[in-house]
Amino acid sequence: MKKIVAVSFFLLAVLRFINLGKIPIFIDEQTYLRLGKTAIENPDALFLSLKFLVFPVVPWTLGIFQLVFDPFLSPLYLGRLVMVIADFISAFFIFQIGKKILNQKYAVFSAIIYLTIPLNFFHSRLVLLEPITNMFFLAGFYYYLEIISSQKKIKVVKLATKTLS
């Protein structure tokens, strides 16, 4: 069973990274990447994304990754890479939620199903709001479940606040 799960996750990861840079760029992607670069270059433009009704964490995250990895990767490929990583973190939170609610067998099944949904596969390979927003929602839900079931409520509340803020 463990080999099947490992092979499944490996194949799903490989499928996400194949031809990541060959998909044509969309207007939304260009906007998010440019907002990220502008937010990093000009501190007065940190909240410029709100003018375009964009969740500010997405441009900030993209801008930070562009600042660090720009000499090595193209901004488009880098932005898409960040989204794929956010999607795998979402799958990890789905696994944790499934393990907490049911058991490990169903948690693995839930994470694999999440990673194979075609619309999710499409959205995770583009620079869009969905992967990062989904990741933060799942993280918040997981920490909410932790707060409900934990005796150490103060520590978990602090961790949830840091994650969601």
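Which backbone oxygen lies 3.2 Å from a polar atom of the side chain of Ser124? In this predicted model, that oxygen belongs to Phe121. Ser124 is placed in helix α6, which covers residues 118-124. The side chain of Ser124 also takes part in a polar contact of 2.5 Å with the side chain of Arg16. Ser124 has a relative accessibility of 1% and therefore counts as buried. When neighbours within four places in sequence are set aside, the residues in contact with Ser124 are Arg16, Arg80, Met83, Val84, Asp87 and Pro131.

The overall architecture is as follows. The protein contains eight helices and zero strands, giving the pattern α-α-α-α-α-α-α-α when read along the sequence. The C-alpha trace spans about 45 × 40 × 25 Å along its principal axes. The protein has 165 residues, of which 39% count as buried. Among contacts with a separation of 6 or more, 70% are between residues 24 or more positions apart. The accessible surface amounts to about 10,200 Å², and carbon and sulfur atoms account for 72% of that surface.

Four salt bridges are present in the structure. One of them joins the side chains of Glu29 and Arg80, with an N to O distance of 2.8 Å. Glu29 is located in helix α2 (residues 27-41) and Arg80 in helix α4, so this pair ties together parts that lie 51 residues apart in sequence. Both Glu29 and Arg80 are buried. Arg80 is also among the residues in contact with Ser124.

A further salt bridge links Lys100 and Glu146, whose closest N and O atoms are 3.2 Å apart. Because Lys100 lies in helix α4 and Glu146 in helix α7, the pair ties together parts separated by 46 residues in sequence. Lys100 counts as partly exposed, since its relative accessibility is 35%.

The salt bridge between Lys37 and Glu41 has its closest N and O atoms 3.9 Å apart. Lys37 and Glu41 are both in helix α2, where they are four residues apart, or about one turn of the helix. Lys37 is partly exposed, at 29% relative accessibility, whereas Glu41 has a relative accessible area of 53% and so counts as exposed. In general, side chains of opposite charge can pair when their charged atoms come close.

Val57, Val58, Pro59, Leu62, Gly63 and Gln66 are the buried residues of α3. The elements covering these buried residues include α2, α4 and α7.

Helix α3, which covers residues 57-69, supplies five residues of the nonpolar patch, the largest share.

Phe137 is placed in helix α7, which covers residues 129-149. The relative accessible area of Phe137 is 55%, so this residue is exposed. Phe137 and Ser90 are 47 residues apart along the chain, and their C-alpha atoms are separated by 8.8 Å. In helix α1 (residues 2-17) lies Lys3, which is exposed because its relative accessible area is 70%. The C-alpha atoms of Lys3 and Leu15, 12 residues apart along the chain, are 18 Å from each other.

Definitions and conventions: Residues numbered from 1 in each chain as written. Predicted model: local features only at pLDDT ≥ 70, side-chain atom pairs only at ≥ 80, totals over all residues. Heavy atoms only, no water. Helix = DSSP H or I, 4+ residues; strand = E, 2+ residues; numbered from the N terminus. Buried < 20%, exposed > 50% of the residue type's maximum accessible area, 1.4 Å probe, protein only. Polar contact = N/O pair within 3.5 Å; in protein donor to acceptor, adjacent residues only side chain to side chain. Contact = heavy atoms within 4.5 Å. Areas by Shrake-Rupley, 256 points an atom, 1.4 Å probe, with all protein chains shown as cover.
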